[in-house]
Amino acid sequence: MYENARDQNRFSKKEFLYEISGLPGVYVPSLYDIEVDEDGYVADFIAHNGVNFIQSNVALDLVEHPIYSLWTSKKSCYEYDDYLSLMVAMGCNKKCPYCVVGTVQGARDGKALQINHEQVLRLALDRYSQYGTRIVKLFFSSAFSDGGDDINSSNLKNLLIKLNSFGLQAKTGSLNIKQADDELFELLKANGQADVTFAPETVEHLRPIIGKAYISDDKLFYLAEQCNKHNMSLKLYMLGGIPGETDRDTIMQADLINRIRRTLRRDLLLEIHYNPVFVKAQTPLQHFATPRPEEIRRKYHILKTNITEQPTVFVTTITDSMVYYQPLLSIGDFNSAKILAHLYKKKRVTEEDWKHAFVELGISDERYFKRKDISRKLPWQHIGYVDHDKMAKRSQSILNLESKRLSINVVEH
Ligand code: SF4
């Protein structure tokens, strides 16, 4: 469009940007003057094009416009020499309040977009015939499900059977616990998978706060037993610092890990991926706070010192400077842009460098680590994936669950 307009001498770049800013889903930041106060709320807002709210466009259909890798090597994310990486779902029918996948991706009705088996087979066989690539990495297989609002495993199982029948090896990333049963484990094993990953995140009584009430501890022991039966390692995603979590909960989380370790055969790896809840813009948790590095490191210490069963391997960002800068990136407001501009020329940026950048620019990092008032406007609320009023209602219901949980804690003590 721009080239056409330019060739016809119709628009300058500025005029052109103004013109397209009226199209659905187009956001031109330079047309907005947004003043943000010390605490990170919008103090003044002017839209020079008169468009006060930009509704995001929905992602393209995954069948017609599949997303897949053209080429990979051993230096790509996974250890295989070559593999076809293929997105089988976009969005998620579950709407965990801390997760962008469930809120910013997917169809207009909020459900996950899905690819179909025919398209996966066509792409996989095409790659195999050209390069002999047998491994097919199915991205977002946790959301690859058969219709309906919930998640089930029949779509994934049928795809694994089909790929395997053509001599291909499908690999899944993390799976939803609702998909896990004996047949799925068997199919994964038949496809050459050596481990499975699930995301229980926290202890049973806190899971309702993060939308995972459907995961019972019993199901986790069942997963460990399935790993024993099918000779597979178990990886679990765990979070620290979720709303309402106390040190007692962290000790209980360690106890849960110990019990899973006792259930899992000694010769099988148990890997715990433990990270803070990074609060992200455009999710219902956007009003909550990411714990400060020193706080999440304290929790991590409590967790680790209460792990009695070995071997238990931990993988975490908590020991890395990422635990300080990720909250800036996942909020991504004007101040974080200033910090990035200040630091981008440095080759190696340490945690101290990040902190110094705030001091040198005279900016406080407080807003990235503190709770926000649900009734006040955040600097990204003129852009919408999910309706911001709906997200505010979910934030409020999380606050209610949290205070209920904290009052139970008081009574139990
Ligand atoms: S189930 Fe997983 S992918 Fe889906 S919304 Fe929850 S965390 Fe995100």
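## Helices α8 and α9

In helix α8, D247, T250, I251, Q253 and A254 are in contact with K299, I302 and L303 of helix α9, two residues being in contact if their C-beta atoms, placed from the backbone, lie within 7 Å. By class, this contact of α8 with α9 holds four nonpolar, two polar and two charged residues. Ala, Val, Leu, Ile, Met, Phe, Trp, Tyr, Cys and Pro count as nonpolar, Asp, Glu, Lys and Arg as charged, and the others, Gly among them, as polar. Helices (H or I, at least four residues) and strands (E, at least two) are DSSP runs, numbered from the N terminus.

The model is predicted: local features need pLDDT of at least 70 and side-chain atom pairs count only at pLDDT 80 or more, while totals for chains, interfaces and linings use all residues. Residue numbers start from 1 along each chain as its sequence is written.

The axes of α8 (residues 247–263) and α9 (residues 293–305) come within 8 Å and cross at roughly 40°, so α8 is oblique to α9. Axes are lines fitted to C-alpha atoms, for helices over the stretch in contact, with angles from 0 to 180 degrees between N-to-C directions. Angles under 35 degrees count as roughly parallel, over 145 as roughly antiparallel, 65 to 115 as roughly perpendicular and the rest as oblique. The crossing of α8 and α9 is right-handed (the near helix is turned clockwise from the far one by less than a right angle).

## Helices α7 and α8

Helix α7 (residues 217–230) and α8 have axes that come within 8 Å and cross at roughly 30°, which means that α7 is roughly parallel to α8. The crossing of α7 and α8 is right-handed. From α7, the contact takes D217, L220, F221, A224 and E225, and from α8 L256, I260 and T263. These residues divide into five nonpolar, one polar and two charged.

## Ligand shell

Around the ligand lie C92, K94, K95, C96, C99, V101, G102, S142, A143 and N176, each with its C-beta atom, placed from the backbone, within 6 Å of it. The shell has five nonpolar, three polar and two charged residues.

## Domains

The protein chain is assigned domain 1 (2–47) and domain 2 (59–412), with bounds from an automatic or database domain assignment. Their centres, taken over C-alpha atoms, are 33 Å apart. Domain 1 gives eight residues to the contact and domain 2 gives 10 residues.

On the side of domain 1 that touches domain 2, β1 (32–36) and β2 (42–47) are the elements that give two or more residues. By class, this side has six nonpolar, one polar and one charged residues.
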